Amino acid sequence: MSATGGTGVMTQQDTVTEVGLPAGPDDSEALAALHRVFGYEAFRGEQGAVIEHVVAGGDAVVLMPTGGGKSLCYQIPSLVRAGTGVVVSPLIALMQDQVNALRALGVRAGFMNSTQDFDERRVVEAEFLAGELDLLYLAPERLRLDTTLDLLSRGKIAVFAIDEAHCVSQWGHDFRPDYLALSLLGERWPDVPRIALTATATRATHREITERLNMPQARHFVASFDRPNIQYRIVPKSDPKKQLLSFLREEHADDAGIVYCLSRNSVEKTAEFLSRNGIEAVPYHAGLDAGTRAAHQSRFLREDGLVVVATIAFGMGIDKPDVRFVAHLDLPKSVEGYYQETGRAGRDGLPSTAWMAYGLNDVIQQRKLIQSGEGDEAFRRRAAQHLDAMLGLCETAQCRRGQLLAYFGQEPDPAGCGNCDSCLTPPETWDGTVAAQKVLSTVVRLQRERGQKFGAGQIIEILLGKRTGKVIQFDHDQLSVFGIGDELTEGEWRGVVRQLLAQGLIAVEGEYGTLVLTEASGAVLRREREVPLRKEPKKPAASRQASASGRGERKAKTAAAELPEELLPAFEALRAWRADQAREQGVPAYVIFHDATLREIVTVWPTSVAQLGGVSGVGEKKLVTYGEGVLEVLASVGEPGADEPTVTSTSSPSGV
Ligand code: ADP
Ligand code: ZN
């Protein structure tokens, strides 16, 4: 129905006034839980408004980017309202970790899924019935079972949270049929508020969630989709594995990150290549058995600087906060996919990089895939539109972030973001009209004079005047266009063809990806239309962090990068202590404390447990469990400059 027409974007006045105020007696219960349990100062963006609405019993549909802070939107209502918050999530492999992380915060959490045995499940059921659970995580298929529904009817439910709600959408690649059954929750429990959350932001998905989950009364909250700490960069692809290696060596040595490839084969090869070159990397794709996949995922979550090379099968729901980079070696199929994948970087708000290598073959391959793929005409048209939007992002000479935000219907900063390759090293454009005409006339001549069609490779050899075997075999050196393009290099010609494809001025056809004219080609050939092209950068844009601080090997961890040199020993000591704790307890290090929290600890240098409690990310339970331990580590390192000025060998310790 028309209920989805208006997306009620909330004002932030309430939360703004709360920023920076310590917990006081007249704080709301929700804010008190934020301080006490999570140790955070204030709600972020829409969180405050969402939580207030749900705590009061309202339904909500929440769109927030990955890393935006969706979990608190249902966790806090579950803590504040009477009863248990029931969280529906498709991510069975992550439930144990999620529950462990909550327990470390002192939250009474449990889960029920197929990985448990009978006894384990009985314990959770009993806890739920006794009202001893704040949160209960469930797989959607479990919720369909009568036994589960009966169980839930016998306990008290505070709120239903439907996480990854876009799984209800039949158009998306994450579709789960079991999600369709979730519409019955509202009928069966009309008095329990429901909150559906997703990071997928298109209007169509939004509408489908509201309709299929049967939530016409829900209030809609749309957060800003900007992720300012992520630096977006797209470089022309030449030798992708080598390019990746130098990107990692120069900017992300020892950092955790994800590398996405399209095929299982290239996943395997890339992981091997990185390992051979001294970067610890493991593969992840649907062709590996479940045990190997689980082991690799678990290592990624638990170890500090592991790289996972994966197909898109990896990553949904991975809430590791310190993923420092996401790299794409192949072109994603849509901007939505790209944004979800890159959004997995930098959930902790620290500087992170979204890096992609992209080239002519990506365009040809994707176009071919769409043409030869399954699905009806409408499906293909939709896929082509998605690809065009993605290509537009790759080829733009404007701010990348601006394009991304505009794509999601949000207002970008007209002055640019200052943290993407276009803003950092503005690309030059050049008048490519003549070059475009040369490519198009070659295609025309081959077809008219010879009745032949060829792919980009042969067209470029003809333009360059190369007498290769294939050129001689077909007498292509006799064409009048042979050798008319020696003003550009082969790489530059590939760039020209790629951009023509992206602009729809030329198209690929058939299983060999031969080049053919489009309706728009005529205007270029007749000189009725100019073709501005983006110049291929000679040197890839360097990251701001890397270029600003010419520190060579010292730089390693971005997490530490912006700390003053004299605080690094304490930061590293805390990390080592954290690693010990994590190993003892068998949990990922970030479950103990996030990097961002460790950074704040060394910056504040608390000397008492009470002072430590004021650090963001240190809640009540963590303070009790780890407070003394942290203070001991700090004392053993000794505060820099506390007794005598430390003389370091480096100059200007305060930096620039
Ligand atoms: P999402 O599920 O939307 O991807 P998360 O819920 O995992 O995001 O939150 C992302 C990160 O931000 C987490 O590390 C979380 O602890 C942190 N975070 C969320 N809300 C706040 C807040 N109000 N203050 C500080 N940190 C927050
Ligand atoms: Zn920008």
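Mentor: Happy to! Let's start at W605, the residue that follows helix α28 and has a positive phi, near 50°. Do keep in mind that we are looking at a predicted model. Helix α28 itself covers residues 595-604, and its buried residues are D595, T597, L598, R599, I601 and V602. A general point about helices is handy here: an α-helix has 3.6 residues a turn, so residues three or four places apart point the same way.

Now step back to the whole chain. The secondary structure comes to 30 helices and 17 strands, and 53% of the 656 residues count as buried. Contacts reach across the sequence too: among those between residues at least 6 apart, 73% join residues at least 24 apart. As for the surface, the chain exposes about 29300 Å², with carbon and sulfur atoms supplying 50% of it.

Let's go inside next. The largest nonpolar core has 131 residues, and the ones with the most contacts inside it are L152, L213, F300, Y358, V439 and W493. Take L152 as an example: leaving aside residues up to four places away in sequence, L152 touches V86, F128, L136, L138, L143, I157, F160 and W189. There is also a second, separate core of 37 residues, which includes F38, A49, V50 and I76.

Finally, the ligand. Ligand 1 has 15 residues around it, and those that come nearest are Y40, G67, K70, S71 and R347. By class, this shell holds 5 nonpolar, 7 polar and 3 charged residues. Helix α4, residues 70-80, gives the most to the shell, with 3 residues.

The side chain of R44 has an N or O atom 3.1 Å from an oxygen atom of ligand 1. The side chain of Q47 places an N or O atom 2.9 Å from a nitrogen atom of the ligand. G68 takes part through its backbone, with an N or O atom 3.4 Å from a ligand oxygen. Taken alone, ligand 1 exposes 570 Å², and the protein buries 85% of that.

How values were computed: Residues numbered from 1 in each chain as written. Chains lettered and ligands numbered in written order. Predicted model: local features only at pLDDT ≥ 70, side-chain atom pairs only at ≥ 80, totals over all residues. Heavy atoms only, no water. Core = buried A, V, L, I, M, F, W, Y, C linked by side-chain atoms within 4.5 Å. Buried < 20%, exposed > 50% of the residue type's maximum accessible area, 1.4 Å probe, protein only. Contact = heavy atoms within 4.5 Å. Near = heavy atom within 4 Å. Polar contact = N/O pair within 3.5 Å; in protein donor to acceptor, adjacent residues only side chain to side chain. Areas by Shrake-Rupley, 256 points an atom, 1.4 Å probe, with all protein chains shown as cover. Helix = DSSP H or I, 4+ residues; strand = E, 2+ residues; numbered from the N terminus. Nonpolar A, V, L, I, M, F, W, Y, C, P; charged D, E, K, R; others polar.
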